[in-house]
Amino acid sequence: MLADASLLVNASVLVGVALVIGWTGVRLSRLADQLSDRLGLGESIGGTFFLGAVTSLPEIAASVLAALEGRPALALGNAIGGIALQTTFLAAADIAHRKANLEHAAASVPNMIQTGVLIALLGLVLMGFSGPDVTVGHVHVISPLLVLAGMAGLWLAWKARRHPMWKPTKTDETVVDVPEEGQTSASLPRMLVEFGVIASVIAVAGGLAAHTSGNIADQTGMNEALAGALLTGVATSLPELVTTVAAVRRGALTLAVSDIVGGSLLDVLLVAIADLAFVGGSIFHARGVGADESFIAALAIVLNTVLLVGLLYRQRDGPGKIGFESVTIVALYLGGFAVLSLL
């Protein structure tokens, strides 16, 4: 129905969807923290599965729908552009944590491992764009490699939490991941049901975001990769922003970082899902896919490399109590998309 609606109607729906996604994020952050403690997963792994996975549902719904509609550039722009945007959201979380630089306070080996794996997965995506179009059926051979590498990376992060071979130096500003007692009297089944309801709302909202963003791209003549990265990507990435800042406010700093890093890692796997959903051949070499998508993937690699260096260096504080990595990431993101708009 929205395909024939006016630009104003589509834009209004997109804003409304973004508000719904943002509103659900605060409760989602609290539930994820409680479930991580209740199940003994820890904030780094729990953040990936209970925050990263669910907050990635809008991106999954948006990219799969775009791929099914035959919009490969929009699907990829949403998935990869969302990673770049979510990484930039860490700057907002850093600002929200006023005591010290967030990357210093939230020192976590699993988060560092997941960031390194994310960079490697993005490198595989770039190889898919620039390499030969080798497929099995209509699926590029890079897609199953993304899934296998992603699963291996999550296993390494889980193993590093259970049996760490080294630990970051603890300082006065370090916030240790310790389960909180007596957070809630709700039963585990009730918490899981509520979690499922919120996840469903977020997934439906993500599908609407993709549909309206595609309509806006058609009505304005906007490049679909740019529309995916800036319109759909912003709307569907709002859960990450809301849940990350909410987690910081709760003092769950490791959870906040793992929400972004873990969610971004799962978003790379979304490229493989979109490749499967796009039946017109390999999505890596579909018509209209090329330089823009490669540029966004390269930008995401640079942003996460800066983040990884920040997690390793652990600057105690900087201008305005935020680290050099936050300032650098914001500058690179804004500069990158300014360049992309000119391509």
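## One salt bridge

Let's start with charged partners: this predicted model has one salt bridge, meaning a side-chain nitrogen of Lys or Arg within 4 Å of a carboxyl oxygen of Asp or Glu. The partners are Arg-71 and Glu-69, whose closest N and O atoms sit 3.6 Å apart.

How buried or exposed are they? Arg-71 is buried, at 13% relative accessible area, while Glu-69 is partly exposed, at 36%. Buried means under 20%, exposed over 50%, and partly exposed in between (1.4 Å probe, protein chains only).

## A nonpolar patch

Val-20, Val-193, Val-197 and Val-201 make a nonpolar surface patch of about 320 Å². Patch residues have over 30% relative accessible area and no salt bridge, with nonpolar side chains (Val, Leu, Ile, Met, Phe, Trp, Tyr) joined within 5 Å and like charges within 9 Å. The areas come from the Shrake-Rupley method with a 1.4 Å probe, and for residues only the protein chains shown count as cover.

Helix 8 (residues 188-220) gives the largest share of the patch, three residues, and Val-197 lies in helix 8. Helices here are DSSP runs (H or I, at least four residues), numbered from the N terminus.

## Two helices side by side

The axes of helix 11 (residues 291-313) and helix 12 (residues 324-340) come within 9 Å and cross at roughly 175°. They are therefore roughly antiparallel (over 145 degrees, on a scale from 0 to 180 between N-to-C directions). Among the residues in contact (heavy atoms within 4.5 Å) are Phe-295 and Leu-299 of helix 11 and Ile-329 and Tyr-333 of helix 12.

## About the model

Residues are numbered from 1 along each chain as its sequence is written, and side-chain values use heavy atoms, leaving out hydrogens and water. Local features need pLDDT of at least 70 and side-chain atom pairs count only at pLDDT 80 or more, while totals for chains, interfaces and linings use all residues.

Key:
Angles under 35 degrees count as roughly parallel, over 145 as roughly antiparallel, 65 to 115 as roughly perpendicular and the rest as oblique.
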